[in-house]
Amino acid sequence: MAKSKLYKGSLNTIILKLLDEGEKMYGYEITQKVKEITKGELKITEGALYPALHKLEAEGLLDVEVARVDNRLRKYYKLTEQGVREKINRLAELEDFIRNMEQLVNPKWSIN
Amino acid sequence: MKLEQEQLDVISSYLYKKGLVQIDLKMEVLDHMANSIEKRMETCGDTFSDAFKSEGLIWERELSNISNPIIGLLFSGPKMLINKCARELKIYYVYTIIGALLFTVVFGSILKNSNSNNVFEFLRHLYGYVFIIILFFIITIHFAIKRTQIKSSFSFLYKTQAVGFGFFYLVYNPLLTDILSVFKNENFTYISFLIYNLILFLSPIFFIIYKQHLRVLKKIRAIKNVEL
């Protein structure tokens, strides 16, 4: 991830979220989708993406489908049932993290 | 702009030179590089040659040759492959160590209190024959993988583990050698017994890796007229 190391811990959750929306995606498509959504602010490098995809696959959160496209083989990833459940948990965790960070960075003072 | 077959062959040869011949990883990188090159040619007006060079620079680090102590320093390959294999192995090793430790503590304490030489003699034969059977399976699976004629990251992983641990089933076989001599009442130590159990509990790894290799093949063979 070229932009910031801060995103690194959230990469798996980003992948799960994208796959939940896109049903099945291939590696390059994921990098382009992230680039498009973040308007080029966040760039997932190949060195970060594929280890993350392989790890999620090994954990049983992703399933793989292979298809022949444009004279070459393409590996599509999609969420397994376990992956769908895990996505919900990890997104909730990420949202909590963002909320906490926001409170730390921009504390709202109040008089009780 | 879609790449021609010859251009895809150039990428394929590049990956072959880098040692990325395992079908599950190679198809993924080849497709990624091809997509990226096509985009460069479309949006930047690059020639295939220029776009390929730029893409090669991006992948240089991921495809650099490395080795990893978890897999065994005798084996090296593209970083992407080695790191994937090391990650898989770590999980298997954790389960192996936990299983062997628990078994050693529970069963070892029973053995230690047993003064019967017959029990130790029975175990010496049991471990010896089981190790020979495991070794037979390791060799059989090795040839079964070879017969598939397709290399995957799992076939690479199998090779590293079979070479690395295969000989353990001979060297530490209590029927053939007396290295640890744990199966004698007066020589029993938990450490020696743990080593035998680690070797024993390691055996499912070979079958799991083989099954993973077959899973990769099944996905690919599901596509008709695929050239591998």
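Okay, let's start with chain A and its contacts. If we take the contacts with a separation of 6 or more, residues 24 or more positions apart account for 54% of them in chain A. Keep in mind that what you're looking at is a predicted model.

So what is chain A built from? You'll find four helices and three strands in there. Walk along chain A from the N terminus and the elements go α-β-α-α-β-β-α. As for its dimensions, picture a box of roughly 65 × 30 × 20 Å along the principal axes, filled by the C-alpha atoms of chain A. And how many of its 112 residues count as buried? For chain A that comes to 26%.

Starting at the N terminus of chain B, you read α-α-α-β-β-α-α-α-α-α.

Now the dimensions of chain B. Its C-alpha atoms fill a box of roughly 80 × 30 × 25 Å, again along the principal axes. What radius of gyration does chain B have, and what would a compact globule of 228 residues have? Chain B has 24 Å, while the compact globule would be near 17 Å.

Then burial: 34% of the 228 residues in chain B count as buried. And back to contacts, where we came in. With a separation of 6 or more, 66% of the contacts in chain B are between residues 24 or more positions apart.

Methods:
Residues numbered from 1 in each chain as written. Chains lettered and ligands numbered in written order. Predicted model: local features only at pLDDT ≥ 70, side-chain atom pairs only at ≥ 80, totals over all residues. Helix = DSSP H or I, 4+ residues; strand = E, 2+ residues; numbered from the N terminus. Rg over C-alpha atoms; globule rule 2.2 N^0.38 Å. Buried ≥ 20, exposed ≤ 12 C-beta atoms within 10 Å, placed from the backbone. Contact = placed C-beta atoms within 7 Å.
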